[in-house]
Structures are given as structure tokens and as C-alpha cells.
Amino acid sequence: MGTAMNAFDYERVATLDELVAALAGDPDGTRLLAGGTDLLVFMADGKLAPRKLLDPKRVPELNGISHNGTLRIGALTRMRDVELHPLVRSRYTALAQGAFEVGSVQIRHRATLGGNLGTASPAADTPPALLVHDAVVKLRGPDGVRKLPLGELYRGPGQTVLAPGEVIVAVKLPEHPARTGSWYIKLATRKAMDIAFVGVAARVTLAEDGRVAEARVALGAVAPVPLLAAEAGAAVTGSRLEDAALAAAAEAAMAASSPISDKRCSAEYRRAMVGVLTKRALRQAAALAEKR
Ligand SMILES: Cc1cc2nc3c(=O)[nH]c(=O)nc-3n(C[C@H](O)[C@H](O)[C@H](O)COP(=O)(O)OP(=O)(O)OC[C@H]3O[C@@H](n4cnc5c(N)ncnc54)[C@H](O)[C@@H]3O)c2cc1C
């Protein structure tokens with residue numbers, strides 16, 4: 001870490017009430033510390049200078065993965081635990097893949113799912129997968145609890161709709177029908193430690209006759225926020241993923257994207273890759289759906 005980091009207080013909190021009250025009491029100076037893999041980097045770079053960090057590791061509601069039809073993942077669950085969880089791997093494959101794509105194994109032992117959402121990077125690896133699984137985020141703030149479809153959490157790069165004192169408690173994923181598969185593909189220069197040029201997730205549910213009953217496509221790193229490309233999913237619904245249907249989905253996903261050019265690659269390249277990866281992710285998701 002650099003030398004620019006400011007001095008700060010560190011405090012552990014044991015309950016959600018304590019956490020929310022402390023954050024709401026000093027919204028500008030106090031920050032929730034999860035794994036710290038984004039927050040401490042921003043502090044070391046001098047981009048953030050909170051006076052106090054709150055460590056909520058002991059708050060029970062924020063921890064653990066549980067299942068009762070719906071899959072509930074506490075916000076403090078580490079990427080490594082998401083990636084290795086048997087139910088996530090089998091029924092929410094895209095999410096296991098998204099978690100696996102985050103940094104290195106050392107990073108994934110610290111980085112949390114809630115932190116990946118709270119940091120609101122357009123290029124984060126788990127939001128596209130969560131979007132295709134129709135994830136809902138449970139929030140808790142001074143005014144109580146609210147639940148939002150994940151797509152409504154983001155306002156722009158680095159910005160969420162969280163009110164002062166409001167925290168992400170958990171992410172909930174509904175149960176999908178049998179014959180559902182999902183897939184996430186990240187395009188980056190190196191496997192580890194690089195953020196995505198483009199990330200594409202897809203989910204496909206097949207009907208008895210082999211046609212697509214429902215499909216979702218979501219995109220990362222090609223818009224100010226992670227994005228559900230609803231028309232791309234609609235384009236293959238009712239099809240058998242013939243070339244024409246896949247081409248229509250690719251077109252729709254490209255149209256939904258609004259990529260920028262930067263030092264990594266051009267907007268044109270990003271948009272073209274959205275098309276290629278949309279087709280590939282849909283095919284892979286369908287191949288998994290056939291096995292289930
Ligand atoms: C070397 C390196 C490589 C990386 N590679 C990737 C990558 O490939 N893909 C990728 O997606 N990310 C990557 N990251 C970014 C980072 O690891 C992830 O975004 C991670 O999931 C952040 O989680 P955290 O628990 O460390 O969050 P923290 O740093 O603790 O928090 C991040 C922000 O979210 C807020 N926050 C945390 N939890 C909550 C909550 N429950 N409710 C409300 N706000 C909350 C914090 O206050 C803070 O503002 C990388 C980071 C590093 C340092």
C-alpha cells in the first residue's frame with residue numbers, strides 16, 4: 001500500500017442495527033469494510049479518506065450461503081466460497097464462473113460478493129451472472145428493509161442507489177426450472193488480476209420439446225453499469241438456437257451495449273466481442289441445460 005493512506009479508526013460491530021446506526025450517523029466519514037480489496041486500494045491511492053472503518057464480520061445475517069428453494073448468499077460471503085459451493089456450481093454455474101474470474105485465489109479468499117456489488121464497477125465479474133439469474137438484493141438501512149432487482153442497484157460507474165447508512169445484507173437467487181443452464185465468459189488480457197474488456201453471461205431454460213422457454217443475457221464492461229440485455233434473451237425464446245436466432249440475439253446485445261474505447265481496447269472491438277460472446281454463452285448455457 002502507498003504512503004498516502006490517511007489514519008483511520010477501526011471498529012468491529014456485532015449487529016446489523018449497530019452497523020446501520022454507525023454508518024447513518026456519519027455517512028461521509030464512515031465506511032463498511034468487507035474484504036478491503038477495493039476499499040484499501042482506493043484509500044492507498046488517496047481516492048477515499050474515511051475516518052472510520054466498520055468491520056461487520058461478526059454480523060450473522062451477512063454471512064453464509066443457505067438454500068430453501070431460493071438461494072441466499074450473505075453479502076460478506078467470499079468469492080472463493082461462492083466459486084466452490086456445490087449448489088452454486090451445479091445450478092447457478094455462471095455465478096461460480098464469475099466468482100472464479102475475480103483476481104487471484106489470494107484475492108478471492110478476501111473479496112466478498114457484497115463488496116463486488118457495493119463497489120459498482122461496470123466491469124465487475126459477478127453482476128452479469130447475478131443478473132441472468134434474476135438476483136434480488138436485500139438492503140437494510142435506517143428506514144428498514146427493501147429488496148431490489150440487482151439491475152436497479154446501480155446509478156453509474158462507482159455509484160449505487162444505497163441511501164446513507166444502507167447496506168447490502170444478502171443476494172437472493174430464485175430457483176429455476178429443470179433443464180436450466182447458465183454460463184459466464186470473461187474476455188481479458190490475462191487470466192488473473194485483470195479486469196474484463198467484456199463480460200457476457202447467459203441463462204437458458206429449455207422446454208420439453210427442446211425449444212428455449214426462457215433466456216437471459218447480461219453484459220459487463222460495455223456500459224456505465226452492468227446490464228441485462230432483455231431483447232437478446234427474447235430473440236432466442238421459442239427457438240432451437242438456430243444460427244438466425246443466435247445472430248438476432250447477438251445483434252440485440254450489441255445494440256444494448258454502449259462501450260467506450262480505453263487503453264485496453266477500442267469500443268468497436270468491445271461491441272464485436274459482445275456479439276461473439278453472446279452466441280457462445282447462449283450455446284454453452286443450452287448445452288448445460290440439456291444435461292439437467
Ligand atoms: C489485484 C486485484 C484484482 C482484482 N481483480 C478483479 C477481477 O478480476 N474482477 C472483479 O470483479 N474485481 C476484481 N477486483 C476488485 C475486488 O477484488 C472486487 O470488487 C471485490 O469483490 C470487492 O470486495 P471486497 O469485499 O474486497 O470489498 P471492499 O473493498 O471491502 O468494499 C468495496 C466497496 O463496497 C462497499 N461495501 C462492501 N460490502 C458492502 C455491503 N455489504 N453493503 C454495502 N456496501 C458494501 C465498501 O464500503 C466499499 O465502498 C480486484 C482487486 C484487486 C486488488
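In this predicted model, helix H1, which spans residues 16-25, has four buried residues: Leu 16, Leu 19, Val 20 and Leu 23. Viewed down the axis of H1, these buried residues fall within an arc of 90°, so they line one face of the helix. The face turned away from that buried side carries exposed residues, namely Asp 17, Ala 21 and Gly 25.

What do the buried residues of H1 pack against? Their partners are strands: E2 (30-32), E3 (52-55), E6 (136-141) and E10 (167-173). Two of these names, E2 and E3, return in the sheet described next.

That sheet is open and is formed by three strands in the order E1-E3-E2, with parallel pairing. Strand E1 (9-12) and strand E2 stand at the edges, and each has a single partner strand, so one side of each is left without a neighbour in the sheet. From one strand to the next, the twist averages 25°. The pairing of E2 with E3 can be followed in detail: the two strands run parallel and are joined by three bridges. Within this part of the model, Arg 31 stands opposite Leu 53 of E3. Helix H1 lies across E1, E2 and E3, and its direction makes an angle of about 145° with E2.

Attention now turns to a single residue in a loop. Thr 112 is found between helix H6 (105-108) and helix H7 (113-118). Is Thr 112 buried or exposed? Its relative accessibility is 7%, and because buried means under 20%, Thr 112 counts as buried. A polar atom of the Thr 112 side chain lies 2.9 Å from the backbone nitrogen of Gly 115. Which residues does Thr 112 touch once its neighbours within four places in sequence are left aside? The contacts are with Ala 34 and Gly 35, and with Ala 75, Leu 76, Thr 77, Arg 78 and Met 79.

On the scale of the whole chain, the domain assignment of the protein gives domain 1 as residues 9-53, domain 2 as residues 64-173 and domain 3 as residues 180-290. Taken over C-alpha atoms, the centres of domain 1 and domain 3 are separated by 35 Å.

Technical notes:
Residues are numbered from 1 along each chain as its sequence is written. This is a predicted model: local features need pLDDT of at least 70, side-chain atom pairs count only at pLDDT 80 or more; totals for chains, interfaces and linings use all residues. Side-chain values use heavy atoms; hydrogens and water are left out. Buried means under 20% relative accessible area, exposed over 50%, partly exposed in between (1.4 Å probe, protein chains only). The arc is that of the directions from the helix axis to the C-beta atoms. Contact means heavy atoms within 4.5 Å. Two strands pair if DSSP finds at least two bridges between them. Axes are lines fitted to C-alpha atoms, for helices over the stretch in contact, and angles run from 0 to 180 degrees between N-to-C directions. A polar contact is a pair of N or O atoms within 3.5 Å; within protein, one must be able to donate a hydrogen and the other to accept it, and residues adjacent in sequence count only if both atoms are side-chain atoms. Domain bounds come from an automatic or database domain assignment.
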